[in-house]
Amino acid sequence: MPLCAVGAETADSTTEPSIFSFSAFGTVGEVHSSEDKADFTNSIFQTNGAGYSRSWSPEVDSLIGGQISARITPELSAVVQVIAEQNYDGTYTPHVEWANIKYQFTPDLNVRIGRVELPTFLFSDTRKVGYTYPWVRPPIEVYSLLPITASDGADFSYRANFGDVTNTTQGSDVQSDTQQPNNRASAIARDSVNISNTTEYKSLTFRVSYQHARLTITSLDGFLDTFNMFGPQGVAIADKYNSDSKIVVTEVIGASYDPGHWFVISEWAHARFNSFLGEDTAWYASGGYRVGKFTPYVTYAHESAASNSDPGLTLTGLPPALAGFAAGLNAALNTILEAIPDQSTISVGARWDFAKNVDLKMQFDHTRLGAGSDGTLINIQPGFQLGSTVNLFSATIDFVF
Amino acid sequence: MWRNPRIALVSLVFTLSLGFRVVNADVVAVVSSKSPITTLSKSQVIDIFLGKRTRLPDGSSAVPIDQVEGSAARDEFYGRFAAMSAAQLKAFWAKIIFTGRGQPPMAVPTSIEAKKLLLANPNAISYIDQSLVDSSLRVVLAP
């Protein structure tokens, strides 16, 4: 395996500290889905997935990333990370995931300016580095609630030690523009304020985080504006579901216990979008046991939508021609609300650290979609059954060097 | 070369047992004997090497000196004190590196090199085979 050779060569170069250091990571994967009338993807910002687009898809998990870190002075450093993965438009043109300058005021306090990640979930800051977690991918029920991985702005990190307890507080004020597939309008997040606190005590890690942002997605504005012609009730519906600078609030609580030979990890999250994106509560619990180079694990994840439907406009009293049009609008609105994920998944899998800096993972997911929801699936085709079950098989090879 | 198979066997067993002893030798965490630090807890030492703690108990900044990937002392140290395999340790550092939050400690190829750096810097802390400890060093954590 040539990757191992590269890893072995570069590993020893860390002995001499130099200004620049280069690191890379990647995943090569294949996913098969039993559902051929919709696509399973890793993120709503992907355009093709497994199921409808392809029975077996390498596009869900495969990516490669490179990073250059520069230590300019002991206090001042910079990092640029570039990733090539399936973009919103189906291309693989590399993009700058992160680029920031960090100033270390004290060994325990730093500030970064530039493009940074948000440490919302336990694994959200390395969700694209498969080697850093036990699963093929972090449970999508929770991680899809906040799919934006890179934002522009400033953040700080402050660490304090109390006896054997390490406490790290991170805060940021950022914004982001993320392009969406199929020529849909960009997701524009502004005034995104995030705070997270991580407490580590021996093998225990506990994190709480909170995010508050204004999110604009104009892609449905034309459709929702049509409701305005139906008087106050229509205006109320348009106001409720548009995403014009709507406040998004997210709360996350996560914990992991990893004494070495086994681990348990659980996270709970709640996101309220105040728009057609709805309101979701999600959690997962996962446990694994390390037997030599093998780490078998099992995960249960659940995501429930506050609502997947709306009665829409009242049809009684409308002239027949308008009533038919209004019924059509109601149906279209409810199709949009079906996309708010509601599903549960049981996963079993194993990670095999078969060579230095390389792992192989295999995972089977059995997902039951909520009665009125598409779940996290996209590219829904005619004939797709709401509330169906989906089986996924994934195999990935992750590497770092 | 080995005319007598019994001698060959005894030699082989002896060699293997030596090898076994070296691989499983006790690795201890050490500082220079000029350091004011006398003892550290297991989690203090591990936190320093994992970058979670930057200061020694007396308030001075800690300078961890690692051994390179693949070295027996490294595997023994992290296996014994942190219950982490080489792969788990690599995954841990990948998580730090790929968020731009830091880099692993400076790493040296041998315990001898580690010892040299310890003697040059009283704030330095490293781990070496117990058999290499002499009066110039102080053991702050033993298994």
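**Cavities and enclosed elements in a predicted model**

Visitor: Which strand gives the largest share of the lining of the largest cavity?
Guide: A cavity is a set of points on a 1 Å grid over the protein atoms alone where a 1.4 Å probe fits but cannot get out, and lining residues have an atom within 4 Å of a point. Strands (E, at least two residues) and helices (H or I, at least four) are DSSP runs numbered from the N terminus. The largest share of this lining, 4 residues, comes from E18(A).

Visitor: What volume does the largest cavity have?
Guide: The whole structure holds 3 cavities of 30 Å³ or more. Among the 20 residues lining the largest one, the closest to its centre are A:Ile140, A:Glu141, A:Thr345, A:Ser347 and A:Asp365. Its volume, the space filled by probe spheres set on the points, is about 200 Å³.

Visitor: How many charged residues line the second largest cavity?
Guide: This cavity holds about 50 Å³ of space. Strands E10, E11 and E12 of chain A each give two or more residues to the lining. By class, 4 of its lining residues are nonpolar and 7 polar, and the number of charged ones is none.

Visitor: Why is helix H2 of chain B largely enclosed by the rest of the structure?
Guide: The helix spans residues 42-49. Its buried residues (under 20% relative accessible area with a 1.4 Å probe, protein chains only) include B:Val45, B:Ile46 and B:Phe49. H2(B) is largely enclosed because its buried residues number 7 of the 8.

Visitor: Which residue of E3(B) is the bridge partner of B:Gln67?
Guide: Strand E2(B), residues 63-67, has 4 of its 5 residues buried, so it is largely enclosed by the rest of the structure. E2(B) pairs in the parallel sense with E4(B) over 2 bridges and with E3(B) over 3 bridges. B:Pro64 stands opposite B:Ile125 in E4(B); in E3(B), the partner of B:Gln67 is B:Val108.

Key. Residues are numbered from 1 along each chain as its sequence is written. Chains are lettered from A and ligands numbered from 1 in the order in which they are written. This is a predicted model: local features need pLDDT of at least 70, side-chain atom pairs count only at pLDDT 80 or more; totals for chains, interfaces and linings use all residues. Side-chain values use heavy atoms; hydrogens and water are left out. Buried means under 20% relative accessible area, exposed over 50%, partly exposed in between (1.4 Å probe, protein chains only). On a 1 Å grid over the protein atoms alone, a cavity is a set of points where a 1.4 Å probe fits but cannot get out, and a pocket is an open set with protein on both sides within 12 Å along at least five of seven lines; lining residues have an atom within 4 Å of a point. Ala, Val, Leu, Ile, Met, Phe, Trp, Tyr, Cys and Pro count as nonpolar, Asp, Glu, Lys and Arg as charged, and the others, Gly among them, as polar. Two strands pair if DSSP finds at least two bridges between them.
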